[in-house]
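Q: I am new to this structure and would be grateful for a close look at one part of it, namely its charged side-chain pairs and the nonpolar packing that accompanies them. Please set that part within the chain as a whole.

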Amino acid sequence: MARFHLHLLSDSTGETLEMIAKAALAQFDDTDVVRHFWPMVRSQQHLDRIIGEIAANPGLVFFTLVNDETRGKLEARCQVLGLPAIAVLDGVTDALEDLLGQEAKGRVGRQHRLDEAYFARVDAIQFTIAHDDGIAWEDWEEADIVLAGVSRSSKTPTSIYLANRGYKVANIPIVVESPPPPSLFGLRRPLVVGLTTAPERLIQIRRNRLLSLSQSPDTDYVDQDKVESELKFARRMFADNSWPVIDVTRRSIEETAAAVINLFNERQATGEQGPQGPRPI
């Protein structure tokens with residue numbers, strides 16, 4: 001297994017840099033990466049301390065620094081140390097400069113500025129948290145998306161991920177013994193999406209959940225027949241109401257959210273509201 005140090009330097013939160021590094025590393029197997037994360041690098045003194053750490057733990061250096069003096073010093077020191085230093089956004093920025101015929105502004109953390117989109121995203125997160133697990137169903141018409149599914153079908157994490165993308169999301173558990181409120185079936189504005197999964201996978205997730213709570217794993221909650229009956233009940237409800245369905249069995253939260261966004265965009269493009277017809281995925 002290849003083991004190496006990876007230094008990530010950013011003059012802002014470093015969120016973009018972390019995502020790029022994670023996406024790149026996902027393409028390689030059998031790697032043991034020691035990450036050193038250095039956000040908010042905005043002074044020469046701070047950079048001097050980091051360079052000392054890089055010298056003590058030599059490896060690959062990724063950075064997003066817009067200040068010419070700061071990045072010049074980093075590149076010069078890395079060159080002396082014989083270490084590669086890569087400005088991960090330079091290629092994209094250069095291409096945009098050529099296309100748009102203007103120079104990049106070089107403003108630190110500009111993607112995090114407190115503009116209208118930022119506050120809309122905050123509002124979406126607050127709405128989603130307040131409408132988790134069937135809460136406040138009276139407000140569901142204000143949602144962009146409503147996710148429905150049996151317990152442990154990834155409704156909440158998918159909702160939170162979508163909220164971080166700016167979508168107001170509510171979610172509702174489908175329980176055989178406790179039907180959802182009638183308002184769910186009359187929603188016009190939100191896109192209602194059903195989430196389903198394979199019974200074996202669902203049982204495994206539920207069993208692990210019970211064990212983490214120090215509860216007995218021998219209940220109807222993880223009984224094969226009961227789980228299959230739950231899923232069948234939910235799928236019938238989805239079909240009866242013509243809600244699109246996403247099977248999350250082999251999907252990550254990000255992949256499920258991407259599928260939901262695609263459905264939402266398709267619906268927005270047609271200008272339709274209300275039931276859209278079954279669209280299994």
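A: It is fitting to begin with the surface of the chain, in what is a predicted model. The accessible surface comes to about 15,900 Å², and 51% of it belongs to carbon and sulfur atoms. Of the 281 residues, 38% count as buried.

The chain has nine helices and eight strands. Its radius of gyration is 24 Å, well over the 19 Å given by the globule rule for 281 residues, so the chain is more spread out than a compact globule. Along the principal axes, the C-alpha atoms fill a box of roughly 70 × 45 × 30 Å. The chain is divided into domain 1, residues 4-100, and domain 2, residues 113-270. The centres of domain 1 and domain 2, taken over C-alpha atoms, are separated by 38 Å. Among contacts between residues at least 6 apart in sequence, 74% join residues at least 24 apart.

The charged pairs may now be considered. Side chains of opposite charge can pair when their charged atoms come close. The structure holds seven salt bridges. One of them is formed by the side chains of D48 and K73, with 2.5 Å from N to O. This pair links distant parts of the chain, since D48 lies in helix α2 (residues 44-56) and K73 in helix α3 (residues 68-81), 25 residues apart. D48 counts as partly exposed because its relative accessibility is 37%. K73 is likewise partly exposed, with a relative accessible area of 27%.

A salt bridge also joins D144 and R189, whose closest N and O atoms are 3.0 Å apart. D144 is found in the loop between α5 (116-130) and β5 (145-149), and R189 in the loop between β6 (169-173) and β7 (191-196); the pair therefore ties together parts that are 45 residues apart in sequence. With 12% relative accessibility, D144 counts as buried, whereas R189, at 38%, counts as partly exposed.

In the pair of E230 and R206, the closest N and O atoms are 2.8 Å apart.

In soluble globular proteins, nonpolar side chains tend to be buried together. The largest nonpolar core has 23 residues, and V146, L184 and F238 touch the most other members. The elements that give two or more residues to this core are β5, β6, α7 and α8. Helix α8 gives the most, with five residues. Leaving aside residues up to four places away in sequence, L184 touches W140, V146, I172, V192 and W243. Apart from this core lies another, of 16 residues, among them I145, V169, I246 and L263.

Key. Residues numbered from 1 in each chain as written. Predicted model: local features only at pLDDT ≥ 70, side-chain atom pairs only at ≥ 80, totals over all residues. Heavy atoms only, no water. Salt bridge = Lys/Arg side-chain N within 4 Å of Asp/Glu carboxyl O. Helix = DSSP H or I, 4+ residues; strand = E, 2+ residues; numbered from the N terminus. Buried < 20%, exposed > 50% of the residue type's maximum accessible area, 1.4 Å probe, protein only. Core = buried A, V, L, I, M, F, W, Y, C linked by side-chain atoms within 4.5 Å. Contact = heavy atoms within 4.5 Å. Domains from an automatic or database assignment. Rg over C-alpha atoms; globule rule 2.2 N^0.38 Å. Areas by Shrake-Rupley, 256 points an atom, 1.4 Å probe, with all protein chains shown as cover.
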